[in-house]
Amino acid sequence: MDIPDVDRIKSREIPFHEIHPDPHQAVTAARFLTDVDGILEINPAGPILLRVTYDVLVTTLQEIEEALTELGLHLDNRLLHRVRRALYYYTEETLRANCGCPQGESNCTKKVFAKRYELIEHGCRDDRPEHWRRYL
């Protein structure tokens, strides 16, 4: 399923908790996320607010936030942020499921194209079972 870039590219804000040994958590997170596949733009908007633009088919907000939590950063867990985060997680997983990406799989775009290639009729197919192909 081909979806437009407007639906695929997401821009989100990740707020961090104020009380932490690292007062500039957003800068630390930005340095950590610079080379992550699927993240298009990172902008620390303040010491505790990070703006991230990413491709949903490659990575999700949930994966990004779990990586930041494993790094030792503290996300802001006030009720408004938890509800917003849950809504983002749900919509992104629904979008990925509608595009054929299995749940919990990162970078499923390659697998979708590989599956499509398998289904296309072409001359590069050997219909013999695997054990017969290895016999000779």
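Predicted model: local features only at pLDDT ≥ 70, side-chain atom pairs only at ≥ 80, totals over all residues.

Trainee: Fine. How many helices and strands does the protein chain have?

Mentor: The protein chain has 6 helices and 3 strands. From the N terminus on, the order is α-β-α-β-β-α-α-α-α.

Trainee: And what share of the residues count as buried?

Mentor: Of the 136 residues, 29% count as buried. The chain exposes about 9,300 Å², and carbon and sulfur atoms supply 56% of that area.

Trainee: Which residues have the most contacts inside the largest nonpolar core?

Mentor: They are Ile14, Phe16, Leu50, Val52, Tyr54, Ile64 and Leu68, in a core of 21 residues. Helix 2, strand 3 and helix 3 each supply at least two residues of this core. Helix 2 gives the most, with 4 residues.

Trainee: Back to Ile14. What is isoleucine 14 in contact with, leaving aside its neighbours within four places in sequence?

Mentor: Its contacts include Leu50, Val52, Ile64 and Leu68, and also Glu65 and Leu75.

Trainee: New topic. How do the axes of helix 3 and helix 4 cross?

Mentor: They come within 9 Å and cross at roughly 130 degrees. The two helices are therefore oblique to each other.

Trainee: Which residues meet there, helix 3 to helix 4?

Mentor: Leu61, Gln62 and Glu65 in helix 3 meet Arg85, Tyr88, Tyr89 and Glu92 in helix 4. By class, that contact has 3 nonpolar, 1 polar and 3 charged residues.

Note on methods
Residues numbered from 1 in each chain as written. Heavy atoms only, no water. Axes fitted to C-alpha atoms, helices over the stretch in contact; angles between N-to-C directions. Parallel < 35°, antiparallel > 145°, perpendicular 65-115°, else oblique. Contact = heavy atoms within 4.5 Å. Nonpolar A, V, L, I, M, F, W, Y, C, P; charged D, E, K, R; others polar. Buried < 20%, exposed > 50% of the residue type's maximum accessible area, 1.4 Å probe, protein only. Areas by Shrake-Rupley, 256 points an atom, 1.4 Å probe, with all protein chains shown as cover. Core = buried A, V, L, I, M, F, W, Y, C linked by side-chain atoms within 4.5 Å.
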